[in-house]
Amino acid sequence: MGFSRLGIAAAGIVGFWLAACTHLPETAPATDGLQVAALGDSYASGQGAPNDYWWWQIWKPHWDDKRCYRSRWAPTTQAVQRLNAQGHAIEYHSFACSGAEIEEGLIGEYEGRSPEVGDSPLMAQVDALAALWSDPDRIKAVTISVGGNDAGFGLVVVVCSFSVTDCSMIIGDAVDDALDALPARLDALAEQLENKVEIEPHRILIVGYPDPTRGSDGTFCHRRPFGDLLAGIDRDEAKWAAEHVLPTLNHRLCRAAGKHGWIYVAPEEEFETHGWCANPNWINTLKQSFTAQGWY
């Protein structure tokens with residue numbers, strides 16, 4: 001399950017609103033000649049939204065980086081493109097990689113989602129950032145999307161899609177344990193950023209996750225869309241994900257931002273009527289992902 005192209009556009013950093021825990025600098029430095037980078041997981045890389053694909057090339061999508069399923073439709077990528085189109089000269093780099101977690105991806109080595117592309121593990125994203133930017137005065141901003149894989153959100157989708165009983169009864173305790181472990185992992189990430197990348201904390205934007213569970217009328221997806229594996233999720237399971245798992249995850253991110261002086265960026269509220277069963281949907285169904293990129 002990934003972003004649709006429309007969803008990626010809607011999720012661009014330009015379109016996010018700032019939550020109450022946000023910390024902002026007193027003055028906004030000029031943007032020209034500065035650098036912006038993206039770290040994180042599939043939400044930061046553009047998973048589910050390859051650059052281009054045509055009907056005669058089904059299952060042969062094009063990516064900026066296939067190993068990480070990184071595309072130009074990623075949110076920070078689009079935000080920088082918009083700023084450059086307005087005449088700002090911003091150098092941009094993305095190290096985001098589908099499937100990345102904090103310990104395996106951001107602060108530790110990672111094989112990537114398509115490891116057959118490379119022979120050796122990928123450098124930790126924080127290390128790659130530190131190696132690229134030797135001049136901290138040029139760093140405008142670093143956007144980070146992380147925590148969903150650490151919390152097992154992908155596991156929630158899979159188990160809820162296939163379980164014949166309430167999936168929260170099957171994996172609820174495991175998900176809660178993972179969420180409880182997240183603050184310590186975020187502290188470790190903050191320590192690595194502080195030690196390896198000389199960047200003011202308020203230039204780090206950690207992005208919350210949107211709610212993918214509701215239809216066009218705002219109600220929870222229930223056995224929809226027909227013919228898709230996501231139709232295995234009923235409204236009670238969607239409600240558990242939306243009202244327990246997701247808010248707890250975002251609250252952990254928000255608290256970490258407050259603790260370390262980062263900016264927490266909350267997802268656009270309009271996502272709440274554009275989930276996987278909505279029309280139009282901003283989150284790809286499994287069938288749509290398979291059509292676009294040949295796998296789920």
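1. Basis. The model is predicted: local features require pLDDT of at least 70, side-chain atom pairs count only at pLDDT 80 or more, and totals for chains, interfaces and linings use all residues. Residues are numbered from 1 along each chain as its sequence is written, and side-chain values use heavy atoms, with hydrogens and water left out.

2. Overall fold. The protein has eight helices and six strands; helices (H or I, at least four residues) and strands (E, at least two) are DSSP runs numbered from the N terminus. Their order from the N terminus is α-β-β-α-α-β-α-β-α-α-β-α-β-α. Of the 296 residues, 53% count as buried, where buried means under 20% relative accessible area, exposed over 50% and partly exposed in between, with a 1.4 Å probe and protein chains only. Among contacts (heavy atoms within 4.5 Å) with a separation of 6 or more, 76% join residues 24 or more positions apart.

3. Largest nonpolar core. A nonpolar core is a set of buried Ala, Val, Leu, Ile, Met, Phe, Trp, Tyr and Cys residues joined through side-chain atoms within 4.5 Å. The largest has 59 residues, of which Leu39, Leu129, Ile144, Leu189, Leu193 and Trp262 touch the most other members. At least two residues of this core come from each of β2 (34-40), α4 (125-132), β4 (139-145), α5 (153-162), α6 (167-196), β5 (204-207), α7 (235-260) and β6 (263-266). The most is given by α7, with 11 residues. A second, separate core of five residues includes Ala141, Leu205, Ile263 and Val265. As general background, nonpolar side chains in soluble globular proteins tend to be buried together.

4. Surroundings of Leu39. With neighbours within four places in sequence left aside, the contacts of Leu39 include Phe95, Leu106, Val126, Leu129, Ile144 and Leu193. Gln125, Thr143 and Ser145 are also among them.

5. Contact of α5 with α7. These helices pack at an angle of about 165°, with their axes 11 Å apart; axes are lines fitted to C-alpha atoms, for helices over the stretch in contact, and angles run from 0 to 180 degrees between N-to-C directions. The angle makes α5 roughly antiparallel to α7, since angles over 145 degrees count as roughly antiparallel, under 35 as roughly parallel, 65 to 115 as roughly perpendicular and the rest as oblique. Phe153, Val156 and Cys160 in α5 meet Glu237, Trp240, Ala241 and Val245 in α7. The residues of this contact divide into six nonpolar, no polar and one charged; Ala, Val, Leu, Ile, Met, Phe, Trp, Tyr, Cys and Pro count as nonpolar, Asp, Glu, Lys and Arg as charged, and the others, Gly among them, as polar.

6. Burial of α5. The buried residues of α5 are Phe153, Val156, Val157, Val159, Cys160 and Ser161. What covers these residues includes α6 and α7.

7. Contact of α4 with α6. Here the packing angle is about 15° and the axes are 10 Å apart, which makes α4 roughly parallel to α6. The contact is made by Val126, Asp127, Leu129 and Ala130 of α4 and by Leu189, Gln192, Leu193 and Lys196 of α6. By class, five of these residues are nonpolar, one is polar and two are charged.

8. Backbone features to inspect. Most residues other than glycine have a negative phi, and most peptide bonds are trans. The bond from Arg224 to Pro225 is cis, with omega near -5°, and Pro225 is found in the loop between β5 and α7. A cis bond also joins Asn279 and Pro280, with omega about 5°; Pro280 lies in the loop between β6 and α8. Tyr69, which is not a glycine, has a positive phi of about 50° and is buried at 9% relative accessible area. Arg223 likewise has a positive phi, of about 55°, but is partly exposed at 41%.

9. Glu272, in the loop between β6 and α8 (286-293), has a relative accessible area of 39%. Its C-alpha atom is separated by 5.8 Å from that of Asp211, 61 residues apart along the chain. Arg235, in helix α7, counts as partly exposed at 45% relative accessibility. Not counting residues up to four places away in sequence, Arg235 touches Phe220, Cys221 and His222.
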